[in-house]
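Me: Could you go through this one with me? I'd like to begin with the charged pairs and then move on to the packing.

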Amino acid sequence: MAENGTDCDQRRTGMIKEQHNGNFADSSLLGERKRRDREERLNIVLWRQPLVTLQYFFLETLINLKEWTIKLWHRRSILVAFLLMLAVLTATYYVEGRHQQYVRYMEKKFFWCAYWVGLGILSSVGLGTGLHTFLLYLGPHIASVTLAAYECNSVNFPEPPYPDQIICPDEEATDGSISLWAIISKVRLEACMWGAGTAIGELPPYFMARAARLSGAEPDDEEYQEFEEMLEHAETAQDFASRAKLAVQNLVQKVGFFGILACASIPNPLFDLAGITCGHFLVPFWTFFGATLIGKAVIKMHIQKLFVIITFSKHIVEQMVSLIGAIPSIGPSLQKPFQEYLEAQRIKLHHKSDSGVPQGENWLSWMFEKLVIVMVCYFILSIINSMAQSYAKRLQQKMYSEEKTK
């Protein structure tokens, strides 16, 4: 009897080990297959497989349009209310009356704010890569307003949106009358709208991680997988980047609102996983978004504004140009285009088009324009590649489900 019981125990233990080994082997094979599929998707880019990428991009676009149409149909009451409100606003816009001056003012402000909010969203939402709209648009805008304010000794040029160029006001201002706070107030609206757009751009990772945690699914997202690996190897992480990300994750998780506010208020690349962290740990929406909005649109934007305004203040710019000229051998040749560019900007501000100074295009502005075009084109290419890879993922998931049903 004892021997039979021992044999039964041994057989049961062997079966458990075999089952465990089988599960381990299945999970390792599944992980290997997911890795291969991910590598296959990453190869679907325009410069490697242009025809396949474009085909998948258009198919993914059609699928997204179909899904959005279905969602709108399910929320048709909200859609009807929106269309009615749009009809009322359209009638108000075209009907003549004393209200038109207010309508024009609101139209100008709305499109100006929407422009900067859109640029902020493009900067943080990603879609494969972020368009660095602060360096390309907001930073140069603040710099041009700063240079104009010091040159004109006033900020009484037109309210945004500005004309094609900023022109100094006709009234004369006393020297040294411009203040740092006046320049900050002049660019506060566009800077805060851009910051609000960056806060909105942090919402997709939050909702993705929150939905994954509530449903128990594991989305095939690289940032989410990086976050999961960071949690698994939290105790053994040794490199500085992993420990810094872990510190941000602990701060957001344990401190809550003020931890998110602190991370969002300081310009740092470690906030990328904050949305995933808050979604994974089911941080309430308004706690996450409220802290992110205040941090990015108020605190962080004032820090960035101060940096740009101080950097492009009159005496700092003059010192930088003189330092460029002090570089041995190549200094004078590098200094000349900067001096020509600043002189051309002064002429434009005072609207002296009949001056003897040449009005030709400066090579600095030409290079900046080409840089903007290249970065925007790369951003569009990244969107096409990302959507094509999303469709390839759909095909792979469909193949998985067909294999399971066999």
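Me: Which side chains meet Arg394 in a salt bridge at 3.5 Å, N to O?

Reply: In this predicted model, the side chain of Glu67 meets that of Arg394 in a salt bridge with an N to O distance of 3.5 Å, where a salt bridge is a side-chain nitrogen of Lys or Arg within 4 Å of a carboxyl oxygen of Asp or Glu. Glu67 lies in helix α2 and Arg394 in helix α16, so the pair ties together parts that are 327 residues apart in sequence; helices here are DSSP runs (H or I, at least four residues; strands are E, at least two), numbered from the N terminus.

Me: What are the ground rules for the numbers?

Reply: Residues are numbered from 1 along each chain as its sequence is written, and side-chain values use heavy atoms, with hydrogens and water left out. As this is a predicted model, local features need pLDDT of at least 70 and side-chain atom pairs count only at pLDDT 80 or more, while totals for chains, interfaces and linings use all residues.

Me: Which other residue forms a salt bridge with Arg394?

Reply: Glu60 does, with the closest N and O atoms 2.8 Å apart. That pair also links distant parts of the chain, Arg394 being in helix α16 (residues 363–405) and Glu60 in helix α2 (residues 50–74), 334 residues apart.

Me: How many salt bridges does a search of the whole structure find?

Reply: The search finds 4 salt bridges. One of them joins the side chains of Lys296 and Glu202, at 3.9 Å from N to O. Lys296 lies in helix α13 and Glu202 in the loop between α7 and α8 (203–215), so the pair ties together parts that are 94 residues apart in sequence. Lys296 is buried, with a relative accessible area of 6%, and Glu202 is buried at 7%.

Me: Switching to packing, which residues have the most contacts inside the largest nonpolar core?

Reply: They are Trp116, Phe134, Leu138, Ile142, Trp194 and Met301, in a core of 22 residues; a nonpolar core is a set of buried Ala, Val, Leu, Ile, Met, Phe, Trp, Tyr and Cys residues joined through side-chain atoms within 4.5 Å. At least two residues of this core come from each of α4 (100–125), α5 (133–152), α6 (180–186), α7 (188–201) and α13 (285–311), and α5 supplies the largest share, 7 residues.

Me: What is Trp116 in contact with, leaving aside its neighbours within four places in sequence?

Reply: Trp116 is in contact, meaning heavy atoms within 4.5 Å, with Tyr137, Leu138, His141, Glu190, Met193 and Trp194. There is also a second, separate core of 12 residues, which includes Leu203, Val252, Ile260 and Ala291.

Me: Which residues does UniProt list for "transmembrane region"?

Reply: The unreviewed UniProt entry lists residues 46–65, 77–95, 115–138, 273–294, 306–327 and 371–392. In the model, residues 77–95 are 95% helix and 0% strand, with end C-alpha atoms 27 Å apart, and residues 306–327 are 82% helix and 0% strand, with end C-alpha atoms 28 Å apart. The positions are in the numbering used here, feature names are shortened, and annotations may be inferred rather than shown by experiment.

Me: How many helices and strands are there in the chain?

Reply: The chain has 16 helices and 0 strands, and buried residues make up 32% of its 406 residues.

Terms used. Buried < 20%, exposed > 50% of the residue type's maximum accessible area, 1.4 Å probe, protein only.
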